[in-house]
Amino acid sequence: MNMIQFDFSQSILFSKDELQNHQEEISNAYQTLLAKNGKGNDFLGWLDLPADIDENTLGRIQNCANGLARQSEVVVVIGIGGSYLGARAVIEALQHSYKCLNPFSDNHAPLITYAGNNMSEDCICELLEVLDQKDYSLIVISKSGTTTEPAIAFRILKKHCEDKYGKNLAKNRIVAITDQSRGALKTLADAEGYESFVIPDNVGGRYSVLTPVGLLPIAVAGFDIKKLVEGAKQMRSQLMNLNSLEQNIAQQYALSRYLLYKAGKKVELMVSFTPKLTFFIEWYKQLFGESEGKENKGIFPAGAIFSTDLHSLGQYIQQGERHLFETVISVQKTHFQVPIPMDANNIDKLNYLEGKSIQDINLTAEEGTRMAHVDGNVPNLRIIVPQIDEENLGELIYFFEFSCALGGYLLNINPFDQPGVEAYKQNMFRLLGKPQ
Ligand code: PA5
């Protein structure tokens with residue numbers, strides 16, 4: 001099987017031998033994770049998810065997805081942070097780039113749209129305008145069941161749905177994904193009789209993409225959740241069984257980041273040369289930002305899409321402050337080819353590219369950019385992905401989750417909590433006069 005690979009040969013600040021000198025540190029982090037006796041060890045459910053998820057659960061998710069897809073032109077996924085980014089990362093990587101203009105792409109699957117991840121009044125009004133005209137369903141996702149942004153969006157969309165379809169029929173268009181027993185969403189879902197799925201207690205939001213949180217929206221969008229889980233399972237088996245730094249790519253990646261951080265590289269710029277991974281990078285930012293950024297420590301996770309952003313951030317990366325390193329998710333193969341055509345007049349002087357595919361040129365741009373940035377003292381790490389499909393995305397998800405947990409343990413912090421997120425909420429509630 002052609003799995004994803006990791007390359008740190010252009011990391012500038014350490015050699016393969018120097019990486020090996022830190023074998024003990026990464027090995028301790030690895031053993032702590034596998035022995036499940038480190039910080040936050042009550043949130044390690046994600047570690048075994050791909051192996052534990054059974055056919056029945058996948059079947060139930062798929063059946064529910066089929067039902068929603070049959071009755072909907074649009075499905076609105078209501079959630080914020082870990083309760084929507086994983087699904088969106090996978091859906092936007094796999095779906096037709098012009099899905100909204102080409103509704104018959106992706107096997108006639110409904111268009112997935114998102115709400116409850118901001119508090120823009122204009123956005124929700126515009127969504128309601130669209131939903132007036134479309135048949136739709138709602139998937140509302142909140143582990144705590146009390147997060148303000150999705151709760152407000154759900155209150156508004158639930159009312160719209162009930163006004164449009166009537167309270168009884170609306171029930172069949174709403175699915176809730178939440179805690180097994182706690183929270184306002186759980187109470188509401190029980191009271192209204194919505195179909196519900198559970199987010200396991202021991203899986204935090206940003207590690208939940210391989211639970212119904214990610215799998216249900218991905219299945220509604222028409223993608224193969226079995227293959228996604230299978231990819232994650234393959235990666236899990238590799239990372240669990242290959243326990244030496246020499247062989248284990250998550251150990252290599254986590255340790256490389258850590259050594260670069262210790263050497264003063266405080267920003268990781270996660271880069272892809274395909275815009276299809278824009279939301280995958282958003283998911284990565286949340287996973288690493290919330291996991292590592294605490295106790296005045298942690299790499300700042302940033303993102304860019306090249307070559308687009310070479311024309312905006314490229315100047316800074318080449319010659320600005322030397323506090324960043326790049327990690328490139330390098331996708332080797334595309335699904336389609338568009339060769340550059342011959343032009344008899346060659347006024348644009350592009351005939352030297354005739355017959356090359358855009359992907360040939362994109363990979364060459366990637367190589368040229370790597371050489372330039374390494375020359376400019378930007379360490380470069382590379383995650384090599386054969387192509388974008390469900391299996392490889394499953395591998396990538398598990399690889400990043402595992403690496404992130406190792407990275408947290410290297411920093412000696414709890415990678416599974418997010419106490420800092422409460423600060424803005426407390427101020428907002430006080431300013432809004434929320435009753436105690
Ligand atoms: O990773 C996390 O735990 C967070 O980003 C949550 O997913 C996010 O805050 C949403 O929380 P909830 O699912 O409880 O609404």
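Biologist: What volume does the second largest cavity have?
Modeller: About 30 Å³. Please keep in mind that this is a predicted model.

Biologist: Which residues line the second largest cavity?
Modeller: The lining is made of L277, V385, Q387, I388, D389, N392, L393 and L396. By class, five of them are nonpolar, two are polar and one is charged.

Biologist: Which elements supply at least two residues each there, in the lining of the second largest cavity?
Modeller: Those are β10, residues 380-387, and α16, residues 390-410. The largest share comes from α16, with three residues.

Biologist: How many cavities of 30 Å³ or more does a search of the whole structure find?
Modeller: Two. The largest cavity holds about 40 Å³ of space.

Biologist: And what lines the largest cavity?
Modeller: A254, R257, Y258, Y261, E292, I299, G407 and L411 do. Helix α12, residues 249-262, gives the most to that lining, with four residues. The lining of the largest cavity splits into five nonpolar, one polar and two charged residues.

Biologist: OK, on to the ligand. Where does the ligand sit?
Modeller: In the second largest pocket. That pocket has about 810 Å³ of space.

Biologist: How many residues line the second largest pocket, and which lie nearest its centre?
Modeller: There are 33 lining residues, and K143, S144, T147, Q418 and K425 are the ones nearest the centre. By class, the lining of this pocket has 10 nonpolar, 13 polar and 10 charged residues.

Biologist: Which element gives the most to the lining of the second largest pocket?
Modeller: That's α17, with five residues. At least two residues each come from β4 (136-142), α7 (148-165), α13 and α17 (422-432).

Biologist: Let's zoom in on the ligand itself. How many residues surround the ligand?
Modeller: 13 residues do, and S83, S142, S144, T147 and Q286 are the closest. S144 and T147 also belong to the group nearest the centre of the second largest pocket.

Biologist: What classes are the residues of that shell around the ligand?
Modeller: One is nonpolar, nine are polar and three are charged.

Biologist: What percentage of the ligand's own accessible area does the protein cover?
Modeller: The ligand has 380 Å² of accessible area on its own, and the protein covers 89% of that.

Biologist: Which elements each supply at least two residues of the lining of the largest pocket?
Modeller: They are α5 (85-94), α13 (278-292), β9 (324-333) and α15 (358-375). The largest share is from α15, with five residues. Helix α13 also supplies at least two residues to the lining of the second largest pocket.

Biologist: How do the residues of the lining of the largest pocket divide by class?
Modeller: Into 14 nonpolar, 14 polar and seven charged.

Biologist: One last topic, the backbone. Is the peptide bond from F306 to S307 cis or trans?
Modeller: That bond is cis, with omega near 5 degrees. S307 is in the loop that runs between β8, residues 300-305, and α14, residues 314-319.

Biologist: Which residue has a positive phi although it is not a glycine?
Modeller: I12, with a phi of about 60 degrees. You'll find I12 in the loop between β1, residues 5-10, and α1, residues 16-20.

Biologist: Great, thanks for going through it with me!

Notes. Residues are numbered from 1 along each chain as its sequence is written. This is a predicted model: local features need pLDDT of at least 70, side-chain atom pairs count only at pLDDT 80 or more; totals for chains, interfaces and linings use all residues. Side-chain values use heavy atoms; hydrogens and water are left out. Ala, Val, Leu, Ile, Met, Phe, Trp, Tyr, Cys and Pro count as nonpolar, Asp, Glu, Lys and Arg as charged, and the others, Gly among them, as polar. On a 1 Å grid over the protein atoms alone, a cavity is a set of points where a 1.4 Å probe fits but cannot get out, and a pocket is an open set with protein on both sides within 12 Å along at least five of seven lines; lining residues have an atom within 4 Å of a point. Grid points are joined across faces, edges and corners, and a volume is the space filled by probe spheres set on the points. A residue is near a molecule or strand if one of its heavy atoms lies within 4 Å of it. Accessible areas come from the Shrake-Rupley method with a 1.4 Å probe; for residues, only the protein chains shown count as cover. A molecule sits in a cavity or pocket if more than half of its atoms lie within 2 Å of its grid points.
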